Amino acid sequence: MRSSFVLAAALLGLAATPAAARSCSWQAAWASAQMIPQGENVLPADALRDATLRQVVRPSIGGARVRVRFSNAFGRAPLRIAAASIARSADLASARVTPGSLRALSFGGARDVVVPPGAEYWSDAVTLPVAAFDDLAVSAYLPVAPEGQTSHPGSRATSWIAKGDATAATDLTGATGTDHWFQFSGIEVERCAAPNGVVAFGDSITDGYGVKPNTNARWTDGLARRLAGKAAVLNLGIGGNRVLLDGLGPNAMARFDRDVLGQAGAKHLIVLEGVNDIGVLTREQPVTPEAHRALVAGVTGAYAQMVARARARGMTVHLATIMPFSSNAYYHPGAASEADRQAINAWIRTPGNADRVIDFDRLMRDPAQPDRLLPAYDSGDGLHPSIAGYRAMAEGISLASLR
């Protein structure tokens, strides 16, 4: 009788899988949104030819095994990664890694991989015990420069570039630093706790505009520290991003599947985006009342799509109200723009439109001038929070709502 059970279990693939192992899964520990870099954010083409890129990130959950996602999402030709590795970073101010922690990465057992244009590629898993908030250095050797760079310009972290294959080196002699990420979009860890990741989807306020490199002072960093390794906080913000139209990076609707639904183990979605849609509408000249109404309908309609698509994946959706920006000199918004913001926020606050509401507007506004940020929370441009403002945002989110 027992032998029949063992045979049946083996045929089902259960015999070699203990019960405890079956509860483990791959979960996103760190991620960033990809785009085509522009202007000064583009590296000279020769910089990534015969070069090792060493990029440092801080996952917010840990696990015993790890794997890395490389990206050629905006490449125009196949991208060859001839060697890659992962290690613990020894020093955020340099390219050094902790001796003994370096692990070579492989791809289907091979040392190198060719990533098709428009695609992303996971490495094989390696054993490297990672604790929450360990700084990890991911290195990739590119013999040929990418034809069309894929990047996250707002890394707020220093990456390092050295000539030749230095993926196995403890330090990169003569490396140059750049505060951007390239061709690299995610880290997952194998974790036996129930998945409970949080995707923060937004624009420069989520991306951390004004945060100095290597300080990890974004509001998402503060939220991750409050969660203390119990859940990943994945920052998928892009500076200048809009909900409806491309600008800096593809519009939020276009990138939603890859950046939100593509995150393993994500159970919560926080959406904070729309201020750039409002600001750009009237930046150059006034527009008709019909155009304002169309913008509000478009943004709220997009929110409804995001909510429906995330709920279909079993995610809890938190919509965040748009914060005031009437004193911003770049957008110089008027009464009509403020009315758009109020209309969108009213939709967000309407019961049933989201699973939960994070009222950043109420938290961050100046009670004496509700169309402006509180001075202590204003970075000085009337739009982006100060470091104290980012801290207040992180502390203003109910941890109970993320369980």
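Biologist: How many salt bridges are there in this structure, and what makes the pair R65 and E190 one of them?

Modeller: In this predicted model the count comes to 24 salt bridges. For R65 and E190 the side chains meet at 2.8 Å, N to O, and the cut-off between a side-chain nitrogen of Lys or Arg and a carboxyl oxygen of Asp or Glu is 4 Å, so the pair qualifies as a salt bridge. Side chains of opposite charge can pair when their charged atoms come close.

Biologist: What makes D359 and R349 a salt bridge, and why is D359 called buried?

Modeller: The N to O distance between the side chains of D359 and R349 is 2.9 Å, which is within the 4 Å cut-off. D359 lies in the loop between β20 (356-358) and α9 (360-364), whereas R349 lies in helix α8 (residues 335-349), so the pair ties together parts that are 10 residues apart in sequence. D359 has a relative accessible area of 17%, and because buried means under 20%, D359 is called buried; R349, at 26%, counts as partly exposed.

Biologist: How do you know that D361 is buried, and which residue meets the side chain of D361 in a salt bridge?

Modeller: The relative accessible area of D361 is 0%, which is under the 20% limit, and therefore D361 is buried. The side chain of D361 meets that of R365 in a salt bridge, at 3.1 Å from N to O, and R365 is partly exposed, with a relative accessible area of 25%. Both residues belong to a network of salt bridges that links E338, R341, R349, D359, D361, R362 and R365.

Biologist: How do you know that C24 and C192 are joined by a disulfide, and why is the disulfide called right-handed?

Modeller: The S to S distance between C24 and C192 is 1.8 Å, and the limit for a disulfide is 2.5 Å, so this pair is assigned as a disulfide; the structure holds one disulfide. The torsion about the S-S bond of C24 and C192 is about 80 degrees, and the disulfide is therefore right-handed. C24 is in the loop between α2 (19-22) and β1 (25-31), and C192 in the loop between β15 (184-191) and β16 (197-202), so the pair ties together parts that are 168 residues apart in sequence.

Biologist: Why is R218 called buried, and what polar contact does the side chain of R218 make?

Modeller: R218, located in the loop between α3 (204-207) and α4 (219-227), has a relative accessibility of 9%, and because this is under 20%, R218 counts as buried. The side chain of R218 makes a polar contact with the side chain of D221 at 2.8 Å, where the limit for such a contact is 3.5 Å. Leaving aside neighbours within four places in sequence, R218 is in contact with residues including W181, N235 and Y390.

Methods
Residues are numbered from 1 along each chain as its sequence is written. This is a predicted model: local features need pLDDT of at least 70, side-chain atom pairs count only at pLDDT 80 or more; totals for chains, interfaces and linings use all residues. Side-chain values use heavy atoms; hydrogens and water are left out. Helices (H or I, at least four residues) and strands (E, at least two) are DSSP runs, numbered from the N terminus. Buried means under 20% relative accessible area, exposed over 50%, partly exposed in between (1.4 Å probe, protein chains only). A polar contact is a pair of N or O atoms within 3.5 Å; within protein, one must be able to donate a hydrogen and the other to accept it, and residues adjacent in sequence count only if both atoms are side-chain atoms. Contact means heavy atoms within 4.5 Å.
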